Amino acid sequence: MEKIIELKNISKFFTIGGGFFTPKKTLRVLENLNLSIGKGEIFCLVGESGCGKTTTGKLIAGLLKPTSGEILFYGKDIWKMGKEEFKTYRRSVQIVHQDPYSSLNPIKTVYDILSTPLLKHHIVRSNGQCEEKISELLKIVDLTPVEDFIYKYPHQLSGGQRQRVVIARALTLNPEFIVADEAVSMLDVSIRLSIIKLLLSLKKNFDMTFLFITHDLAMAKYFGWSGKIGVMYLGRLVEIGPTPKVLENPLHPYTKALLLAVPEADPEVTRSKKVMELRSLDLPSLLNLPPGCRFSNRCPFMEPGRCDKIEPNLYELEPEHYVACELYGEKV
Amino acid sequence: MVRIYNTLKRISKNVILRRFIKSIFTIFVVVSLTFFIIRLMPSNPIQIYINQLISQYGMTYKEAEALAASLFSIDLKKPLILQYFDFLKNLFRGDLGISFLSRGTKVTSIIKEFLPWTLFSVGVSLLISFTLGIIIGMFIAYKRGSSIDVIITSIASILSSIPNYLIGIMILVFVGVQWKLIPIEAMRGSLSPGVKPGFTWTFIKDVFFHASMPILTYVISTIGGWILTMKSSTLSTLGEDYVMVAKARGLKESRITFSYVGRNAILPLFTSLTISLGFIVGGSVLIESIFVYKGIGWVLWSSISSRDYPVMQGVFLIITVSVIMANLLADLLYSRLDPRIRITGGE
Amino acid sequence: MDKKIRKIHLILGSLRDTFRLLKRNKVGFAGFIILIFIILMSFIGPYIVPFDTTSRLDKIYVKPSWEHPLGTDSQGRDILAQIVHGGRDVLVVAFLTGFLSTLIAISLGSLSAFIGGRFDSMITSLADIVLTIPHFPLLSVLAAFVKLKNPLMIAFILALLSWPGLLRAVRAQVLSLKERDFIEAARALDLGTPYIVFSEILPNMMNYIVISFILSMTSAVYAQVGLILLGLVPLATHNWGVMINFAWTRGAIFYKHSIYYILSPIFAISLFQWSLVSFTRSLEEIFNPRLGQGA
Amino acid sequence: MENILKIEDLYIEYKARRGLVKAVRGVDLDLYKGETLAVIGESGSGKTTLGLSIIKLLPSSARISQGKIWYQGNGKKYEIVSLDNSRLRKFRWKEIAMVFQSALNAFNPVIKIWDHIVDTAESHDIKMTREELRVKVLELLRLVQLDPERVLKSYPHELSGGMRQRVLIALALLLDPQIIILDEPTTALDILSQRSILELLKKIKEKLNLSIILISHDLSLAAELADRVAVMYAGSLVEVGSVYDIFYKPLHPYTMGLIRAVPTVTASMRELISIPGSPPDLINLPEGCKFHPRCEYKIEECLKEEPKLIKASYNHYTACIRWENIRNGKNN
């Protein structure tokens, strides 16, 4: 499979403060991230809030510049690209945000929102063509009859409808890659699935590649069953592998803890779970990370002198299934 | 190097110290600004004064220049930047120069004589209008939508939009002239002749007698603003989750009103307090001139009208410094009241 | 073609909506009407109501009558005519100040928010300092050095002092809008910075800008009339401030029959200030319905 | 079974700019002693309004237009809707405590946690010395796995979201109430913190024999904790039954749709079916059954009259006239 996006040793640090009268602090949001996404693949990035998954999404979409490392788009570093090349990349990668309320400009109609990129990038030549293209897009995202939606303002639409407009907007430039950042988590339960199905149909019909960022393991499983999953914890990838392997045979203690912790919409299944006892309930702050493995201060399998000393390496235990845990060090 | 860095780091961690340094910096900027305005303006006052001395008293240029230099405590022959350093040095020693008009009077002694009256009248009125405004504002927030709320809100919004000096003139015109309820002529000045300062009933009565109209003006012109700000702040606090949870916890109404709503609703008013302070003190130039209440604002006006530049410069500086200091005080008070600021420094 | 018409209809519709919302707040609507009235009176009024500047010693301080609805002044001149003719200067300076300070605040504020870092802390520190210096004393000291001859100059100096408040608001707004997802989406769609600034960010700040514009007009009126009152601005023309200054310096305040002469400009200025303030309050309510009383 | 709370034919309306929002319409519901009842619904279903009405803490724009709420516990019997303010105040927290969704803002930011405890105790004239109160609080804080000494000295902003939620639960237990209402107790939390809260709630349930009302949009929470489940749609209850009946034998098309639309993690991969359409506008509700525009079982009769809850089997009620077809899996 051709690799569409590749991240090599990506780190992203943020500094806060640093005014004339405020102290400077460094937040190590991402450190040493390596991953690659093949064309037409679905890659799910799961983890809890603050683990750096949204930052990863923004880095891949070219909205943030990494502190160090390379982001390759078809093998080329995007931050070393020429102007034209960068433009092609930028248009090929689009982003769908979590909050359908803040991702549409409240003072623009659906028509304005969709026509601006179409006209600006000369995807359509005339106003008539533009209207045609917009109806086509609205039909793809199931906002029909088109006349009912095209001149509406965002506040006149429901959450699910807005998210469909957001998706239609992402499709205006015929992208190859969509970063879906918690794209359904703010929607009502009865709406979520229909948006997920819409995204799946895009993959099927347009051979679209997805980075699906979510904290909802069940959604990741449903959406990304055919693809890969990456589990993040405090700015590091702790486990990567094909979705069925990771979810059915988790290797990293954190992944295991997550899977055992997540409540499920099935009384018998959820009540028969044996929950993993963690050594600490609280997530450490990014300003004060534990040494060695970042999960070491909570991990019940922690081996003193090893886990809290060495940065874990990434081990490939099964083909394509990697884990960053020193406890597997001997097995390889 | 490392030690300096560590010291700086410690300083920057301490909010109060940080605010203090910021105030000092602001004062420094204002001082420099004042110096350069006076020295660099197209109509340089020192030059004007020298010309004036030459034409009025027939002095030679040298004599006039020497006299002017001594009044400003500045050696005019030095380059500008050295003059600036001298000026700073003198300032640090508490020397602000000598008045043009009443020769021999030090600017510092003028400030000493007039500043207390302004601080007193402004302070008292701020205390009155802030307290009353908070109480009334909170009261109408609780009664929102009722007719009393509508009436008070309208009055407050009218009062807050009329310039304070117009309120002063109206008081003068109606209470003093048209209805003759007060002896405005006798109320001029800051103290009646013959009254000796001291902790006596006569003195206190006389002080309030003279300050009453400026205070009344300040209170009327600022109370509307406090009422409206407190009302909206209370309304938004009433919508906070912790107030709802407090009700769910079955807390007594009085406890919720004072500790939960009141205390949190007042916090944002401290930001307005700092702005309001500058505004009132600045407005004292107008109000004191209207009532001929002899405070620092009146001195500023009369020094401007008579082009008494050293006094003008000194008084402007002292007004600014008092406002900055008062701001610092309000900031410190605020950080005492809000634990979020006290500990983390607002991050 | 059809689309253009539809667009115009949409704009008209939203204007109508705004007007309807404005009408709902009675006080705000009254403010709006009075504001329009004062503007019309000051700019068109002088062509309708003549102002006879010749002294009429037989008509000093005449009480209001049909001929002189507000009476006459110390030289027997009609007060109403002076009110009608005396607004334009005040309004022009207020408007210019509002315009200039908004211009400064928007450009510096958005630059500050976009560039960030040292530039941002410099601008915000500067704004803090300008905000702490008491304006009126500074203005009066400045007036001692600079002859404030024309309205543009007064407006310029007033604007130099009144931008920091709006700058803070603009900066905060741009910072928060910059982080909004729709801005990020526009960047991902490669719509270009000028488009993002002028078409996505600025229109969303219009309400702040309008409100701050009007509020800086009120502070301009305050400072301008205050300076005139203290005689720190050369009194070339007849305006409301000059009328008050005359009343004060020439002792009319202490003369019982001059009450109409004093009260007329006071009333005109207060009414103007009040109409500005209550108009902005109702605008705030329209722009941010949560501020309104109850849903 | 013994009734501790009985809601009878409850109607609640909100005044809004656009018109009257019918938030709760004709709800009949019982809470038995010692049970955990989950009220499940999407945003705008009226579940939170229902929860607030139980302690009569509705916003000023809301009005209980009809209905009664009977409370019977501690040997006392009240009708809550008609309680006057002073008795209501003493009733709240002492008899029924509520843990709110936004625990992040549940505490007064300018006073310490200990002062919150003292406030609560003093307002209810608890006959305890400060020392006795302290002993009791220390025990409660240990129960919720917090470091009591540190927490009591802290200001709210010094605690993490999960910690605040645990403090609020401890505070809810302070006066030994008979009922605890939990409104989305874990929405804002990470999976691992969420799990610790769930375990905590299970422990409390076991230990203290409390009656719990759990309000949530999350089916998995109900599956995890509830004995019985009540499903709300557009302001009224559409189905009430034991947790197993609801999850394994749903008799209302909406419940069934929800369960078919929610993915699980550990159970085997299955095809999910989404519910078409979006929730109705509460100001302009459709005629007849409020779910009919989205319902696959809809017949003409559904448009005429809104069905009431019908007893389908022991302890299992549904508001659908076609429940028998649903049970038999026939749709014709």
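**Exercise 1.** Determine how many residue pairs are in polar contact between chain A and chain D, then describe the side of chain A.

*Solution.* 

Step 1. Count the polar pairs. Chain A and chain D share 19 residue pairs in polar contact, both residues at pLDDT 80 or more. A polar contact is a pair of N or O atoms within 3.5 Å; within protein, one must be able to donate a hydrogen and the other to accept it, and residues adjacent in sequence count only if both atoms are side-chain atoms.

Step 2. Find the elements. On chain A, helix H6 (189-206), helix H7 (217-224), helix H9 (253-261) and helix H10 (267-271) each supply at least two residues of the side that touches chain D. Helices are DSSP runs of H or I, at least four residues, numbered from the N terminus. H6(A) gives the largest share, 7 residues.

Step 3. Sort by class. The side of chain A that touches chain D has 23 nonpolar, 6 polar and 12 charged residues. Here Ala, Val, Leu, Ile, Met, Phe, Trp, Tyr, Cys and Pro count as nonpolar, Asp, Glu, Lys and Arg as charged, and the others, Gly among them, as polar.

Step 4. Look for salt bridges (a side-chain nitrogen of Lys or Arg within 4 Å of a carboxyl oxygen of Asp or Glu). There is 1 between chain A and chain D. A:Lys197 pairs with D:Glu271, with the closest N and O atoms 3.4 Å apart.

Step 5. Size the interface. Contact (heavy atoms within 4.5 Å) takes in 41 residues from chain A and 47 residues from chain D. The buried area is about 3900 Å², 61% of it on carbon and sulfur atoms. Buried area is the accessible area (1.4 Å probe) that two parts lose on being put together, summed over both.

*Conventions.* This is a predicted model: local features need pLDDT of at least 70, side-chain atom pairs count only at pLDDT 80 or more, and totals for chains, interfaces and linings use all residues. Residues are numbered from 1 along each chain as its sequence is written, chains are lettered from A in the order in which they are written, and side-chain values use heavy atoms, with hydrogens and water left out.

**Exercise 2.** Which salt bridge links chain B and chain C, and which elements of chain B touch chain C?

*Solution.* 

Step 1. The rule finds 1 salt bridge across this interface. B:Lys22 meets C:Asp128 at 3.3 Å, N to O.

Step 2. Elements of chain B that give two or more residues include H2, helix H7 (147-161), helix H8 (164-178) and helix H10 (201-238). H8(B) gives the most, with 10 residues.

Step 3. The side of chain B divides into 34 nonpolar, 13 polar and 5 charged residues.

Step 4. The contact takes 52 residues from chain B and 39 residues from chain C. About 4200 Å² is buried, 77% of it on carbon and sulfur atoms.

**Exercise 3.** Describe how domain 1 and domain 2 of chain B meet.

*Solution.* 

Step 1. Domain 1 spans 2-92 and domain 2 spans 108-344, as given by an automatic or database domain assignment. Their centres, taken over C-alpha atoms, are 32 Å apart.

Step 2. Domain 1 contributes 17 residues to the contact, and domain 2 contributes 15 residues.

Step 3. The area buried between these domains is about 1500 Å², of which carbon and sulfur atoms give 82%.

Step 4. The counts are 0 salt bridges and 0 residue pairs in polar contact, both at pLDDT 80 or more.
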